[in-house]
Amino acid sequence: MAKQGTILVVDDNKGILTAVQMLLGTCFEKVITISTPNKIKTTLHNEDVDVVLLDMNFSAGINTGNEGLFWLSEIKKEDPSVQVVLFTAYADIDLAVRGIKEGATDFVVKPWNNAKLLETLKTAYDIRTANRKGIPHESNKQVVSKESGMFWGESNAMQQLRNLIEKVAKTDANILITGENGTGKEMLAREIHMLSNRKKEAMIPVDMGAITETLFESELFGHMKGAFTDARADRPGKFEAANNGTLFLDEIGNLSYHLQAKLLTALQRRSVVRVGSNTPIPVNIRLICATNRDLQDMVQKELFREDLLYRINTIHVEIPSLRDRPEDIVPLTEIFLSKYCNIYGKSSMRLSADAKEKLKQQPWFGNIRELEHTIEKSVIISEGETLDSSDFDFPRKKESPLKEATTLEEMEYNMIKNAMDKYNGNLSLVASQLGISRQTLYNKIKRYEL
């Protein structure tokens with residue numbers, strides 16, 4: 001790889017300067033090191049610096065990071081286009097987020113990983129180059145993971161979640177993700193997979209609410225040719241497909257009680273037996289599960305096996321609802337605006353101050369999914385370049401009178417309709433209320449055209 005760009009490294013530890021200079025010399029055309037931040041401005045005047053790797057603390061006994069933030073602001077005043085990567089021995093996520101909000105591109109924690117440091121600095125240089133050419137770069141200050149599309153935002157709740165995920169992702173610990181519908185549980189599962197040591201292997205998602213009980217074993221464990229009607233060939237199940245990778249079981253709370261025992265057996269034995277076979281097949285998976293239901297409450301009601309809960313719940317993370325992190329609503333909206341303007345070939349749209357305030361006042365019971373659908377609709381309908389509060393219509397739901405049931409079908413229709421209104425279309429809660437599987441509910445919704 002050809003050496004490109006100039007990097008300035010600012011650190012009061014001369015041993016670190018020597019080590020970093022040797023490392024960065026392999027990819028940067030010019031590496032400048034200084035041990036005191038007082039020389040930063042002079043260096044920026046005399047050199048065409050692309051990236052600054054900036055230590056956060058310089059005075060002995062002081063480790064607040066305020067010095068680094070001060071010099072970050074001074075660099076940005078001098079040349080806003082210079083990309084700054086913060087270098088800190090203290091893995092303080094709040095400080096890192098503050099630095100990014102104030103203009104830093106990224107941060108690296110000491111002791112550093114050489115490959116991670118090079119990758120971070122190379123990305124910073126790519127951003128600098130793209131900005132000079134006027135080309136939008138895929139990185140952005142809202143901290144969106146490139147592989148998964150995970151949006152971390154700026155709220156304390158999400159930053160604490162991010163800190164936890166970065167710690168546990170590299171382990172093989174089973175993870176249970178909980179949260180309301182539309183909060184991005186599958187997206188978080190993909191982020192965990194991309195941060196894990198299994199990222200080069202597949203992540204296989206399975207919607208447990210959409211699998212019929214008769215096909216459960218075939219779907220998860222596979223089957224042999226002739227095991228049942230239409231089994232015309234051997235077929236591996238989801239466990240085998242996820243071997244050496246990640247298996248994501250979405251809506252785990254919808255799995256019936258007797259099938260939970262079969263899942264538990266496979267997890268305990270770390271092997272599966274295909275339908276129509278007696279031969280166990282070893283599998284090596286990382287398990288991630290998700291649900292919007294209270295599994296502890298289900299255990300108390302004997303609807304979920306306690307031993308299975310312990311097996312899948314080594315690490316429990318909960319994604320906060322969107323209404324609990326209103327500071328993330330506008331940044332998310334702007335991401336969706338850009339996305340759908342591109343999809344529908346429209347010029348870039350902006351949000352008015354009134355529109356931003358109106359969006360932040362909404363409860364968003366459908367969370368990020370509801371917000372995204374709202375923005376897509378507004379982009380399609382709007383003809384201007386600015387979205388005002390009037391472009392977002394949130395009418396109150398009116399109770400539609402249901403005719404008196406005279407048949408079993410009409411009674412079933414009314415029950416489903418009432419439950420859907422009560423739970424704002426949350427199909428998992430509706431299915432639980434009615435005592436049916438989500439797949440059965442899907443079929444009835446389609447039948448009654450609800």
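Leaving aside neighbours within four places in sequence, which residues is Thr374 in contact with? They are Trp364, Phe392 and Phe394. The model is predicted.

**Thr374**
- Thr374 sits in helix α15, which spans residues 367–381.
- Its relative accessible area is 16%. Thr374 counts as buried because the cut-off for that class is under 20%.
- The Thr374 side chain reaches back to the backbone oxygen of Glu370, at 2.9 Å.

- Tyr344 has a relative accessible area of 35%. That value lies between the 20% and 50% limits, so Tyr344 is partly exposed.

**Aromatic pairs**
- The count of aromatic pairs comes to six.
- Among them is the pair of Phe70 and Trp71, with 5.1 Å centre to centre and 80° between the planes. This pair is edge-to-face.
- Phe70 is partly exposed, at 41% relative accessible area. Trp71 is buried, with 13% relative accessibility.
- Phe216 and Phe221 have ring centres 5.9 Å apart. Their planes stand at 80°, so this pair is edge-to-face.
- Phe216 and Phe221 are both buried.
- Together with Phe239, Phe216 and Phe221 form one aromatic cluster.

Definitions and conventions
Residues numbered from 1 in each chain as written. Predicted model: local features only at pLDDT ≥ 70, side-chain atom pairs only at ≥ 80, totals over all residues. Heavy atoms only, no water. Buried < 20%, exposed > 50% of the residue type's maximum accessible area, 1.4 Å probe, protein only. Helix = DSSP H or I, 4+ residues; strand = E, 2+ residues; numbered from the N terminus. Polar contact = N/O pair within 3.5 Å; in protein donor to acceptor, adjacent residues only side chain to side chain. Contact = heavy atoms within 4.5 Å. Phe/Tyr/Trp six-rings, centres within 6.5 Å; stacked < 30°, edge-to-face > 60°.
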